[in-house]
Amino acid sequence: MPTVNHSTKQLASVLFDLDGTLLDTADDLGAALNHVLQQYNKPAVAAKDYRPIASDGALGLLKLGFGHDIKQYDYEILRQQFLHYYQENIAVHTRLYPGVKALLQHLEDHAIPWGIITNKPEGLTKLLLPHYPEFTNCAVMVGGDTLAKRKPDPEPILHACEQINVDNKQCFYVGDALRDIQSGNSAQMTTFVAKWGYILSNENCQTWQADHIIEKPLDLLMFIN
């Protein structure tokens, strides 16, 4: 159970990672991987195997599928095949995690701006978000290639704070990967591990040095005055 923060510090904004935090995108990413594998007569990867690394992007997934054999292929061609299929099928299986809709609505009802900081390429993110009306009031979005640096560097998060004119020290950052927590901590934010996301079963999130670990999206409400 997370420890409730009784600080009186005014919450300025809540920023989120996307894949594995707000949206469960694993099955669409896995479908793109298996489509590419099929082109090369490689065995498909089961959901239980691709889900934990779904947020590692095309490189992580293709390495999973091809293993050491990936060195025998032109990676850029594999990547383009992966991305083409994913773009064409970007929101077939992707769903909001339970509780996300209510959480975002609570933030909006209390005039707390929220945004998305993801390592997913900006173009793909802009293609994906409109499929979900819950994201209509997203105050800021920074993709993995919006700036020269990406998470775990703090620059994308600090850039987002500048865009919506909030004090980074008065913001929350929520994500399901070590790079999210590193980025948020470096930006002097209050950080939360999204335990429901793409985390390996043997991963010890306690070592990430987040301020809090939460089990489900609505747990965040305990920290919002």
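**Cores, sheet and packed helices in a predicted model**

Within the largest nonpolar core, which has 51 residues, the members that touch the most other members are Val-14, Phe-16, Leu-62, Phe-82, Phe-135 and Leu-220. A nonpolar core is here a set of buried Ala, Val, Leu, Ile, Met, Phe, Trp, Tyr and Cys residues joined through side-chain atoms within 4.5 Å, where buried means under 20% relative accessible area, exposed means over 50%, and partly exposed lies in between (1.4 Å probe, protein chains only). The model is predicted, and local features need pLDDT of at least 70, side-chain atom pairs count only at pLDDT 80 or more, and totals for chains, interfaces and linings use all residues. Residues are numbered from 1 along each chain as its sequence is written, and side-chain values use heavy atoms, with hydrogens and water left out.

Helix α1 (residues 26–39) supplies the largest share of this core, 6 residues; helices (H or I, at least four residues) and strands (E, at least two) are DSSP runs, numbered from the N terminus. Leaving aside residues up to four places away in sequence, Val-14 touches Leu-107, Ile-112, Pro-113, Trp-114, Gly-115, Phe-172, Val-174 and Leu-220, contact being defined as heavy atoms within 4.5 Å. A second, separate core comprises 15 residues, among them Ala-12, Leu-15, Ile-117 and Ile-157. In soluble globular proteins, nonpolar side chains tend to be buried together.

The strands considered next form an open sheet of 6 strands in the order β5-β4-β1-β6-β7-β8, with parallel pairing; two strands are taken to pair if DSSP finds at least two bridges between them. The edges of the sheet are β5 (140–142) and β8 (212–214), each of which pairs on one side only, and the twist from one strand to the next averages 20°. Axes are lines fitted to C-alpha atoms, for helices over the stretch in contact, and angles run from 0 to 180 degrees between N-to-C directions. Within the sheet, β6 (residues 171–175) and β7 (residues 190–194) pair in the parallel sense over 4 bridges, and Gly-175 stands opposite Val-193 in β7.

Two helices that pack on the sheet can be described together with these strands. Helix α7 (residues 155–164) touches β1 (13–16), β4 (114–117), β5 and β6, and its direction makes about 155° with that of β5. Helix α8 (residues 178–186) also packs on the sheet, touching β6 and β7, with a direction at about 170° to that of β7.

In α7, the buried residues are Pro-156, Ile-157, Ala-160, Cys-161 and Ile-164, and they lie on the same side of the helix because they cover an arc of only 140° around the axis, the arc being that of the directions from the helix axis to the C-beta atoms. These buried residues pack against β1, β4, β5, β6 and α8. The residue that follows α7 is Asn-165, whose phi is positive, near 60°. In the loop between β5 and α7 lies Pro-152, and the peptide bond from Lys-151 to Pro-152 is cis, with omega near 20°.

Cys-161 is in no disulfide, and the nearest cysteine sulfur, that of Cys-171, is 4.1 Å away.

Helix α5 (residues 100–109) has Val-100, Leu-103, Leu-104 and Leu-107 buried, and these residues fall on the same side of α5 because they cover an arc of only 95° around the axis. Their packing partners are β1, β3 (95–96) and β4, whereas the face of α5 turned away from its buried side carries the exposed residues Lys-101 and Asp-109.

Positive phi values outside glycine also occur in loops. Ala-111, in the loop between α5 and β4, has a phi near 55° and counts as exposed at 68% relative accessibility. Asn-41, found in the loop between α1 and α2 (47–50), has a phi near 55°, a positive value in a residue other than glycine, and counts as exposed at 74% relative accessibility.

Definitions and conventions: Disulfide = S-S within 2.5 Å.
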